[in-house]
Amino acid sequence: MTSPSQVDTLSGPSTRREERKVLAGTLVGTTIEWYDFFIFAQLTATLLSPLFLAPLNESNPGLAQILSFALIGISFLFRPLGAVIAGHLGDRLGRKAMLVFTLVMMGAATALIGMLPTYAQIGAWAPVLLILLRVIQGFSAGGEWGGAALMAVEHAPLNKRGLFGAYPQIGVPVGMILATGLLFFLNSSMSKEDFAAWGWRVPFLLSIVLIVVGYLIRRAVAESPVFQEMALRKKESKAPLGELIRSHKRPVLYSTLIFIGNNAAGYLLIAFFISYATRTLKMPTPQVLLATTLASFGWLIFTLVGGWLSDRIGRVKTFLIGYAIVFAWMLPMFALIDTRNIWLYGVALFVLTVGLGLSYGPMSAMYAEMFPANVRYSGISIGYAFGAILGGAFAATIAESLLQSTKWAGSIGIYIMVLCVISAIGVILAKETKGRPLGVSSHH
């Protein structure tokens, strides 16, 4: 019988310096990926339809807004492809190589969006090229998260997997703070005309700087100890994807269901609320962006709390508390937003982030514990990607359509409440995973 895996002990990285390197490496990449994603999502809410869908925006602004939100969703459809390819290669070649590859790919696509000609300059080619770059962004995002989550969780001591796994998760709110904060600064420091003419390109082009920083940090992180163990023991599957499909369908299904509610509610915060507040409620854009930035700090804090709490009371209970908060807050939240009071708008968003954080923080650890080592990268990446398609991909589009057809924002709240129930069922079916062995020899 083989000895228990080193990764299933209470000792994590050998030094505090190594620990910081691992956590920084997983955080910086997801932060950059999501900064890139959010810049696009938030500009879609305020500006991209007149620039890239000009004729439609003039004849039918409502439809143009729905279609520009659909541009967010298009990239999600290519996440499973990125998850399949990066997951397969990540299980064969290592977590680290895929992390660096997906980071550079996402950054390049983002920078190119900042250089794109608009509809006024090249006509219909403008939206076509924009869609192509969004596809590349979606592909790279599909492979990014799984690698970052595994680097964090597989390096973690047994009793801190939830907390370590929360670090790639807080890349979402940190990326959001950077994206929204920068847009707030640009909107406050230049005229609307200048911002529409050239200012919107600045956040995309700044991605180049972030990529260089991220690449240098990621390159310094050691390969995951689980993958090193797989290489040593030659236990890796020759075809991890085939084995995943044959033997691990249930955890893929459960991980898909678990993410739907959180991702849909998250994309309201990321994209829809900004559009709703500025375009429908006519609230001032800089104030709305600032309130969204401040609410993102709540998301950051409660995501870390969610990871930490899941190490104490278990993954399932933490998820269920988070989903219960999101569910209960939906209708009161829209009532507060509809007051058009910027302070109440900020409170509405902040309380939502409590539930979002608690139902997001434990995800890396729980997903990693659901799959054996040799198919883990593929399994968690594919589950996450499908959850994102069914959850966030078209959440803003569906929300805008519900608003236009019902004329009542509460209908969007009911839609999210239904998804929260579906996700809670997924959590219960998956059962508690805390403490399950992650190593090669000892996994169930």
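Analyst: Leaving out residues up to four places away in sequence, T26 touches A148, M151, A152, Y167, P168 and R218, where touching, or contact, means heavy atoms within 4.5 Å. The model is a predicted one, in which local features need pLDDT of at least 70 and side-chain atom pairs count only at pLDDT 80 or more, while totals for chains, interfaces and linings use all residues. Residues are numbered from 1 along each chain as its sequence is written, and side-chain values use heavy atoms, with hydrogens and water left out.

T26 lies in helix α1; helices are DSSP runs of H or I with at least four residues, strands are runs of E with at least two, and both are numbered from the N terminus. At a relative accessible area of 2%, T26 is buried. Buried means under 20% relative accessible area, exposed means over 50%, and partly exposed is in between, with a 1.4 Å probe and protein chains only. By this rule 61% of the 444 residues of the protein are buried. The protein has 22 helices and zero strands.

Next, the empty space. Rolling a probe the size of a water molecule over the atoms shows where such space is left. A cavity is a set of points, on a 1 Å grid over the protein atoms alone, where a 1.4 Å probe fits but cannot get out; lining residues have an atom within 4 Å of a point. Searching the whole structure gives one cavity of 30 Å³ or more. The volume of the largest cavity is about 90 Å³, counted as the space filled by probe spheres set on the points, with grid points joined across faces, edges and corners.

The lining of the largest cavity consists of W34, F38, V172, F259, N262, N263, G266, Y267, I270, W299, Y360 and Y384. Nine of the lining residues are nonpolar, three are polar and none is charged. Here Ala, Val, Leu, Ile, Met, Phe, Trp, Tyr, Cys and Pro count as nonpolar, Asp, Glu, Lys and Arg as charged, and the others, Gly among them, as polar. Both α1 (16-46) and α15 (249-280) supply at least two lining residues, and α15 gives the largest share, six residues.

Helix α15 also holds I260, which is buried at 5% relative accessibility. The C-alpha atoms of I260 and G392 are 7.2 Å apart in space, although 132 residues separate the two in sequence. Not counting residues up to four places away in sequence, I260 touches G387, L390, G391, L419, I422 and S423.

One of the lining residues, Y360, is also among the residues that T303 touches, a list that includes A166, Q169, I170, G357 and G361, again not counting residues up to four places away in sequence. T303 lies in helix α16 (residues 285-313) and is buried, with a relative accessible area of 0%.

Finally, the packed nonpolar part. A nonpolar core is a set of buried Ala, Val, Leu, Ile, Met, Phe, Trp, Tyr and Cys residues joined through side-chain atoms within 4.5 Å. The largest one has 113 residues, and F272, F273 and Y345 touch the most other members. Its largest share, 18 residues, comes from α15. Leaving out residues up to four places away in sequence, F273 touches L268, M333, F334, I337, Y345, L349 and L352.

How values were computed: 1 Å grid on protein atoms, 1.4 Å probe; cavity = no way out; pocket = protein on both sides within 12 Å on 5 of 7 lines; lining within 4 Å.
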